[in-house]
Amino acid sequence: EKLRDQSAATGAALNAKFAAEGDAFKGEMGFGGVEQFYGGLEALVGAPLMVDGSLFKAMQMEHCGEKDADMPFDTSNGIEG
């Protein structure tokens, strides 16, 4: 009930909250223009590579079959591998 009765914060209030917390996104996010929005992900990073016509096989190869697949790595947001 309590959640249902709460109102949403304004965009300005949310922006101020994340700006005040400082490391919410660690400067990794940015905004593009209309061209980037309507271009979609493929325009930004390119078409996916396929293995034997399969995106699943390509993902499996990329994550499990490359020479560095067993090397641990840490992400920029604190996840340690």
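Which residues gather in a patch of negative charge on the surface? The points below take this up after the overall make-up.

1. Overall make-up. This is a predicted model. The secondary structure comes to 4 helices and 0 strands. Read from the N terminus, the order of elements is α-α-α-α.

2. Burial and surface. Of the 81 residues of the protein, 2% count as buried.

3. Helix α3, geometry. Helix α3 covers residues 34–45, which makes 12 residues. From its first C-alpha to its last it reaches 16 Å. That is close to the 16 Å expected at 1.5 Å a residue.

4. Helix α3, cover and end. How many of the 12 residues of α3 are buried? The count is 0, and the helix is hardly covered. Gly-46 follows α3. The phi of Gly-46 is positive, near 95°.

5. The negative patch. The opening question has four names for its reply: Glu-62, Glu-66, Asp-68 and Asp-70. They gather on the surface as a patch of negative charge.

6. Where is Asp-68 found? Asp-68 lies in the segment after α4, the helix of residues 55–65.

Methods:
Residues numbered from 1 in each chain as written. Predicted model: local features only at pLDDT ≥ 70, side-chain atom pairs only at ≥ 80, totals over all residues. Heavy atoms only, no water. Helix = DSSP H or I, 4+ residues; strand = E, 2+ residues; numbered from the N terminus. Expected span 1.5 Å × (residues − 1). Buried < 20%, exposed > 50% of the residue type's maximum accessible area, 1.4 Å probe, protein only. Patch = residues over 30% accessible without salt bridge, like charges linked within 9 Å, V, L, I, M, F, W, Y side chains within 5 Å. Areas by Shrake-Rupley, 256 points an atom, 1.4 Å probe, with all protein chains shown as cover. Salt bridge = Lys/Arg side-chain N within 4 Å of Asp/Glu carboxyl O. Lys, Arg positive; Asp, Glu negative; His and termini not counted. Charge placed at Lys NZ, Arg CZ, Asp CG, Glu CD.
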